[in-house]
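The following exercises are to be worked through with the sequence and the coordinates at hand. Each task is followed by a solution in steps.

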Amino acid sequence: MSLNRPTAGELLQALAEHLEKVVQPRLSGTDAYQNRIALNLLRILEREAALGPQLINEEQARLIDLLGSGGGPTTLNERLCTQISNGTFAATDARLLDHLRRTIYAKMAIDNPQYAAYRVALAQTRAGNN
Amino acid sequence: MNPQQLATALTLIVQRRFGVDARVGNVQSVSAGASAQTWAFDLIGGGSVQPLIVQLAAGDLRFSGALDKTQQAAVQQRAWERGVPTPKVYGILNPEDGLGQGFIAERIAGETLGKRIVGAAEFAGAREAMAAQCGRILAQIHAIPPTAVPGLPHYAPAMLVERLAAEHHGYHEPLPMFDLAIRWLHDNLPEPRPPVLVHGDFRTGNFIVDGNGICSVLDWELAHVGDPMEDLGWLCMNAWRFGQLDRPVGGFGMRDQLYAVYEQVSGSAADPSAIRFWEVYGTLKWGVICQYLTFQYLRGDVRSLERAAIGRRVSETELDLLTLIEGTACR
């Protein structure tokens, strides 16, 4: 089944626009602060609707490759945590660090792409790849 | 509680302490934090008006190792007596007061918002002075005898890492970066040094600032006994720079300024490798605190949008941990 338009991402965008343009100007103090949090959460959900499925698939593929075994994202991450804790992976393992970097960048692209340290890290990685 | 109910309760409290003529006016909510609610009010009596705050415990929810309001007030009062710039404590609430745990303290004017302190033009002069002020204040705090308040938590660094790891693993949210950081911390424990009184949350956001710099240090809830370098590392964490990455000391200053004054006043060396350990530890701790706040929401203890939202800030601490451990972070 295919749901009718608008898509989830488009609905989230409509909600965010409503909170920003209609609701926000009428609020002050704590209410204004709370509404900005709500707006920020809708922006996260918008980015998640657009980017999430692909980034989660890519993470899962990397985990399967790194661990040499299959499973869902939670199981795979739990297995990786155990293998980091018990020393199977060295803290300096280049493949591990590369996986962590890609995974954390993917989370930042959804959670907070404006985070200053993310902008700097992204620029450093791109400069390093050129 | 609404301002009217609080005013009624506060009036009885101040009359018991300051005499029957004492009155309470202008009660306003300042903030409702993770483990406290703070109200501003004026104490009116004897022909003068004194600006005060009352900080009350918000339920029994406290992060692992955090002090209750009575202990917190005791540490703050000891610090004030030793000349540390922190609000004077005017009274610690007792059970007859009927408001639960809490304390009344001096209200000090100034800015506390991190973003404004690190960025606004009016604080440019303050920012010049603040790293050195931090060095001096930390040396003062670390000179307070760690036995000045009985019963403060005291754990060796390895045990602190263990406790944080247990807290994180209790949420059953697998984060490989956190487990890598826990490993790194165990492999890079600092050299033991004589324990001191550690503020525990000495950072931008807990300073009251005016045009000349720091007027007052707030929030002694995470005070404990431990390695003095912990306070220096916590102060330099990326999370408290509010985007000013090239100002590692709280988003306003440089390490050299902080370390030089700290060494001069305390007579002890600032140890960069121990400070790096505490930055990694502090970043992990802040990440686990964000999880703790989020799980208060998810478990139904605190239904607030703010609490729900903070879980999506854990990824910031994962990034900060990665760059700190790899050595690519702005330092």
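A residue is termed buried if 20 or more other C-beta atoms lie within 10 Å of its own, exposed if 12 or fewer do, and partly exposed in between, with C-beta atoms placed from the backbone. The model is a predicted one, in which local features need pLDDT of at least 70 and side-chain atom pairs count only at pLDDT 80 or more, while totals for chains, interfaces and linings use all residues. Residues are numbered from 1 along each chain as its sequence is written, and chains are lettered from A and ligands numbered from 1 in the order in which they are written.

**Exercise 1. Backbone exceptions**

Task: Determine whether H172(B) is buried or exposed, and state where H172(B) lies.

Solution. Step 1: H172(B) has 9 C-beta neighbours inside 10 Å and therefore counts as exposed. Step 2: its place is the loop between α5 (157–169) and α6 of chain B; helices (H or I, at least four residues) and strands (E, at least two) are DSSP runs numbered from the N terminus. Step 3: H172(B) is not a glycine, yet its phi is positive, at about 50°. Step 4: N26(B), also not a glycine, has a positive phi of about 60°. N26(B) belongs to strand β1 (residues 23–32) of chain B and is partly exposed, with 13 other C-beta atoms within 10 Å. Step 5: in chain A, the peptide bond between R5(A) and P6(A) is cis, with omega about 0°. For background, most residues other than glycine have a negative phi, and most peptide bonds are trans.

**Exercise 2. A strand and its partners**

Task: Identify which strands are joined to β5(B), and explain why β5(B) is largely enclosed.

Solution. Step 1: strand β3 (residues 48–57) of chain B runs antiparallel to β5(B) and is joined to it by five bridges; two strands pair if DSSP finds at least two bridges between them. Within this pair, V54(B) stands opposite I104(B). Step 2: strand β4 (residues 89–92) of chain B is likewise antiparallel to β5(B), with three bridges, and I92(B) has F103(B) as its bridge partner. Step 3: strand β5 covers residues 102–106 of chain B, and four of its five residues are buried, so the rest of the structure largely encloses it.

**Exercise 3. The buried face of a helix**

**Exercise 4. The contact between the chains**

Task: State how many residues each chain brings to the contact and which element of chain B gives the most.

Solution. Step 1: chain B brings 25 residues and chain A brings 29, where two residues are in contact if their C-beta atoms, placed from the backbone, lie within 7 Å. Step 2: on the side of chain B that touches chain A, α11(B) gives the most, with eight residues.
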